[in-house]
Amino acid sequence: MGRKTISAEDRQALSLELAERVEADRSSAKVTFILLACSVFWLIFASTAGLISSIKLHDPEFLTQHAWMTFGRMRTLHLNGVAYGWAPMAAFGVAMWMLPRLLKTPLIGARYAITGGILWNIGLAIGLTCIAMGITDGMEWLEMPWQVDILMVIGGALAALPLVFTLQNRRAHHLYVSVWYMGAALFWFPILFLVGNLPAVHVGVEQATMNWWFGHNVLGLFYTPMALASVYYFLPKIIGQPISSYNLSLVGFWGLAFFYGQVGGHHLVGGPVPQWMVTLSIVQSMMMIIPVLAFSINQHYTMKGHFRTLIHSPTLRFIVLGGMMYTVSSIQGSFEALRSINTITHFTHFTVAHAHIGLYGFFTIVMFGAIYYVMPRVMSWEWPYPKLISLHFWLVWRHDLVMESEYKLLGGAMVTLALATSALVVVPYLQVKKVEPSPGLKPYTEVELRGRQQYIDMGCVYCHSQQPRSQNQAPDFQRGWGRASVAGDYFYDTPHLLGTMRTGPDLLNIGARQPSVDWHLGHLYQPRAYTPGSNMPSYPFMFELKDKAEDGDKVVNLPGDFAPEGKVVVAKQEALDLLPEGAVDGQQLFVAQCAACHQATGAGVPGVFPPLVGSEWVLRKPEVLVQIILHGITGEITVKGNKYNGAMPEFREKFNDEEMTAVVNYLRTELGGNSADPVDVAFVKAERFSALTAETARRNDVAASPRLISDVEVLLPAGGSTQLSTLLQNDGRITIVNFIYTRCVTLCLAMGSEYQQLQKAIVEEGLQDRIRLLSISFDPTDSPDHLRRYSKTMKANPDVWQFVTMMPGEQRQRVLDDFGIVVIPAPFDEYEHNAAYHVVSSEPRLGRIVDYGEPMLALAYAKRALEDLDKKGAIALALLAALLFAAAAFWDRPLTASMSLHMLVHIPLLVLSGITLQLALRYQGVGRSAAMQALLRPYYALNEYGLPGLIMVSFAAAYWMVPKALDDVLVSPPMATAKYIGLVLMGMLFMESWRRAHLVFRLFFFGNFSWMMAIVGLLYYDNPVRLCNFYLQSDQEIAGIGLVIMACVLPLLWLLSESKAVIAFLRQ
């Protein structure tokens, strides 16, 4: 058979094509080299800043001597270096190289791109210098001053001109999908950047909606399409095969264009923004799964049959891995937007990780692959050390519409961006424009504006939010951060400082919550003096060390171990600017009101006035100290082993709540080296309301002699009535009881929020069958219908949290007397009443009373009440675990002689023994001791939400479905021993992780595990050859059928058992 010859015409056409390609490469070589060189410089710069920021999170004292080295500024330098240095320069550089090849035309206007790149880099260098100096606009992704951004806008526009010129003169009739992605990205980005940087337009919460419209879209409508354009070009180029489906590339492009632009508002779930906007963003986030799957399927089928090419092409490895990371980061982002998941992940580093996976895991890895392919062709020589490319990769890994018209591209891009801008910028702007400032809110004073600018300059917004969220989304109210913020709270704010991280607490009301001057200054100078283990950086450059204070100096009083020896610490003006205006100086109040008796040093007078330095009365329970200052104390007391007998006057009329807080915190955190946790204003307010003596006596009496609850009638929300004692003992659960009335919008609402957290904790810990919540209304006007509406408002799970109302008259009083509740009618048909949580056994007896504000302590007492019952249950479960294990060991030979019995009986027996053993250990309370808690702390931190444990269980289960594993245990005693131990541990880990896992994680586990079991079962059933050496093929088929049946039955049984929870989740 002769060799096929090439005709003269074909040879001429091929030569012409090669000549055109050389000409195209030559036209873009210079601009590509310049832009990619700049990109590598910014990548090194930004990654260095990121590394320093990461170190600072673990070692907050690292490089704190100068303002520009603080975490807030280094982190901002890292973000802007990546977002506006490395990423756009790499994208522009690769685009300049691809354009002439895709359009079969030499690059036209390369000099404009070079000029634009120079202007861009000059603007970026100036902008980063401004950030380092503390000159910033204060919005994440938009920190550089808008005046500097003008240079970058001009530079970006110039860099895009070659696309326009080359498109107009192209020889290619058809526009490949990569051109659409690049063209849309280069059209979208300038508009995004311009709208985001318009001065004096965006204010308050509307600015926050614009901020996240920009932040999300600069990632999704610029970096993402530029990277996808590279994947669609280089992937088929390297393997020599066209993309699998052109239609899927259309779905991916238009899906990205239509859905991604309206994503971003989910960062404000529970925040002070229109909720329709948040819901829209959540819906569009989930819709993003469509274009992501379209790309993922397209990539997979394009690579099908060519995966071996990955062995030989490091460039292809980067491209394929980057495409996979696009899928991972996008799916993560979609599910992260759901309110139920957002409750857990919002304000955490999970959100930051998502951005890193997108920019580093997806975009950067794709760009690495593109650069490794492009640079040898730009420089006309090969890489000198190709093995380093492979090393680099492994280090990184750890028919309806034809694309042929630039006018369709421009029109589609304009429409989709206009829709997104309208939804997330224009409409919120018009809606929020009508909002009035919240009652009592005034414009910022000059002092407050200076402090606000210091907060922005130091980058405090990157660790602290200023938006307490709604009670149905987060327990911010219970944390003492005040009511959920509303749009009017930010009427005078520009830039907005809502924040996206809570490495530290929310600071919206910190001036009211913590009014002490000394606390704030000391905390700025050395946070760990007041909060041990804090990773907040210190700000020593805001203070001055002097040998002696001068007139007018504000001396910072630090706890003993943190005060510099022989020096005084004096606050500079920039530290004083950060203080809440009108802050109270606890030291001055102490000297004025208390030093006459206790001395300015707090040493007291021996035998007459007790010392306060090191006093157990000061350092142990803050509520005791507050009550003594409020009400005074008379009689004999013992302080530090010495007796004192005197009378201290009350100060409840002399000190308001803020002054009281300042004095208490000075005594507990500063005086004479005292070191104890500070309190906030809310704590003092609550203590001022309570009566120490009577309430303490009541609680002590209950703890010593649990009270039997009277047999009285109560009304149920569903209608009808029951005996309270019957209700409390009918299912053997421990009950936590509180007393409310549904019209209350203060204390009862706060307790309701704490009950929501208790409800969540009970469900998450799997205790809903053992502990429940009961709210009893003492208001005669609260009808069953009122309770039903109130229950719905509080989002009460009827299986966990129930409501009743009392019968009027004598029966009502008997219940109040049993629980020691005092109800006093107040003006406007309201009530004053004491607030507490009452732990009632199933007998029913009232055994414990816990303060309002400590719901988890009430839960702890309820769990303690279960311990006696648990000990009996633990013994039974331990015996069952031993019996299951013994059965597996005793019948080991007959059960492992058959493959079906081995996989469907023997292995499950060992797993079940582990599950029951874990239940027994939990009931027994193993792991509750302080020593065991300390030992297990790393495990709890790693497996806090159960997902890592469930993933490990999936891997372990997968291993024991492998044929070789079954063969090994039959011939190797060590492997058999490992199987027994490993499967028991697997069952224990499963039970422990399952208890912690959120419903979403349980769905994920069962979906993955069932799918895996079904696939293995089908493999065993359908395989024509014997897979295990020691088992017959017929037995293999039976085992396969059994695995498939189990894969169907197990999740079905679980869904039936969790049907209410699953339905509730799906309705969210």
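This is a predicted model: local features need pLDDT of at least 70, side-chain atom pairs count only at pLDDT 80 or more; totals for chains, interfaces and linings use all residues.
Local features here need pLDDT of at least 70 and side-chain atom pairs count only at pLDDT 80 or more, while totals for chains, interfaces and linings use all residues. Residues are numbered from 1 along each chain as its sequence is written, and side-chain values use heavy atoms, leaving out hydrogens and water.

Let's start with the domains, whose bounds come from an automatic or database domain assignment. The chain is divided into domain 1 (447–577), domain 2 (586–686), domain 3 (713–853) and domain 4 (867–1067). Between the C-alpha centres of domain 2 and domain 3 there are 36 Å.

Now the inside. A nonpolar core is a set of buried Ala, Val, Leu, Ile, Met, Phe, Trp, Tyr and Cys residues joined through side-chain atoms within 4.5 Å; buried means under 20% relative accessible area, exposed over 50%, and partly exposed in between, with a 1.4 Å probe and protein chains only. The largest such core has 176 residues, and F234 is among those with the most contacts inside it. Helix α6 (residues 204–239) gives this core its largest share, 21 residues; helices are DSSP runs of H or I, at least four residues, numbered from the N terminus.

What does H354 touch, setting aside neighbours within four places in sequence? H354 is in contact (heavy atoms within 4.5 Å) with S329, Q332, G333 and E336. This histidine sits in helix α13 (residues 349–379) and counts as buried because its relative accessible area is 12%.

Finally, I1045 lies in helix α39 and is partly exposed, at 48% relative accessibility. Thanks, everyone!

Note on methods: Helices (H or I, at least four residues) and strands (E, at least two) are DSSP runs, numbered from the N terminus.
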